[in-house]
Amino acid sequence: MIWFQLLYVYLKIGILGFGGGYAMLSLIQAEVVDRHQWISLQEFTDIVAISQMTPGPIGINSATYIGYTAILNAGYPPYIAVFGSCLTTFAVCLPSFLLVLMISYSFARFKHNKYVEAAFLGLRPATVGLIAAAALLLMNHENFIDYKSFVIFAIAFILTYKFKIHPILMILLAGMAGILLY
């Protein structure tokens with residue numbers, strides 16, 4: 001039963017996930033943590049952190065990790081849970097793939113249409129709002145931010161912006177700072 005539920009939920013997330021992976025996070029949390037309780041809030045927070053550090057879009061990465069964890073939490077062995085990650089990854093990508101495929105055939109003809117341009121102008125601020133909502137959802141009691149976190153953030157920002165430190169190196173340095181400070 002969890003297999004069909006995962007397929008349905010991630011197809012829905014794929015269809016409604018406008019604005020990319022960060023915008024999807026609030027919908028993913030509402031479905032996976034709050035509604036179905038396949039994973040805990042702490043597991044969700046950890047998955048989001050891992051998804052940000054691994055290459056690829058955060059929405060797809062989190063779908064992969066959540067599919068694996070949800071099947072594992074349902075009592076299946078790890079080698080079966082891999083199929084859960086494949087299922088959720090496929091389900092979250094399928095609607096976007098089909099939509100882009102259909103739109104690509106007609107977009108060239110309609111891209112200068114005033115209604116199409118107006119729709120894109122309306123989608124931009126909505127996307128920013130969805131990303132802001134995802135950031136607010138991640139600020140919960142599981143992710144208490146103290147002064148040490150702000151110091152790590154400030155140093156990482158300065159090193160990346162001013163001294164052009166590579167982001168991968170910055171992630172590793174911030175992780176080591178977290179281990180030392182906590």
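**Close-up 1. The nonpolar surface patch draws most on helix α5.** Helix α5 gives the most to the nonpolar patch, with four residues. The patch covers about 720 Å² and is made by F18, L99, M102, I103, F107, F120, L123 and L130. The elements that give two or more residues to this patch are α5 and α6. Helices (H or I, at least four residues) and strands (E, at least two) are DSSP runs, numbered from the N terminus. A patch is made of residues with over 30% relative accessible area and no salt bridge; like charges are joined within 9 Å, and nonpolar side chains (Val, Leu, Ile, Met, Phe, Trp, Tyr) within 5 Å. Accessible areas come from the Shrake-Rupley method with a 1.4 Å probe, and for residues only the protein chains shown count as cover. F120 counts as partly exposed because its relative accessibility is 40% (buried means under 20% relative accessible area, exposed over 50%, and partly exposed in between, with a 1.4 Å probe and protein chains only).

This is a predicted model, in which local features need pLDDT of at least 70 and side-chain atom pairs count only at pLDDT 80 or more, while totals for chains, interfaces and linings use all residues. Residues are numbered from 1 along each chain as its sequence is written, and side-chain values use heavy atoms, with hydrogens and water left out.

**Close-up 2. The second largest pocket has a volume of about 430 Å³.** Its lining consists of 19 residues, of which F18, L99, V100, I103 and L123 lie nearest the centre of the pocket. Helices α1, α5 (78–110) and α6 (114–138) each supply at least two lining residues. Of the elements, α5 gives the most to this lining, with eight residues. By class, the lining has twelve nonpolar, seven polar and no charged residues. Here Ala, Val, Leu, Ile, Met, Phe, Trp, Tyr, Cys and Pro count as nonpolar, Asp, Glu, Lys and Arg as charged, and the others, Gly among them, as polar. A pocket is found on a 1 Å grid over the protein atoms alone, as an open set of points where a 1.4 Å probe fits, with protein on both sides within 12 Å along at least five of seven lines; lining residues have an atom within 4 Å of a point. Grid points are joined across faces, edges and corners, and a volume is the space filled by probe spheres set on the points.

**Close-up 3. K12, E31 and R35 are linked in a network of salt bridges.** The structure holds two salt bridges (a side-chain nitrogen of Lys or Arg within 4 Å of a carboxyl oxygen of Asp or Glu). In one, the side chains of E31 and K12 meet at 2.8 Å, N to O. This pair links distant parts of the chain, with E31 in helix α2 (residues 21–35) and K12 in helix α1 (residues 2–16), 19 residues apart. Both E31 and K12 are buried. In the other, the side chains of R35 and E31 meet at 3.4 Å, N to O. R35 and E31 both lie in helix α2, four residues apart, about one turn of the helix. E31 counts as buried because its relative accessibility is 7%, whereas R35 counts as exposed because its value is 53%.

**Close-up 4. A30 lies in helix α2.** A30 counts as partly exposed because its relative accessibility is 33%. The C-alpha atoms of A30 and L137 are separated by 9.8 Å, and the two residues are 107 residues apart along the chain.
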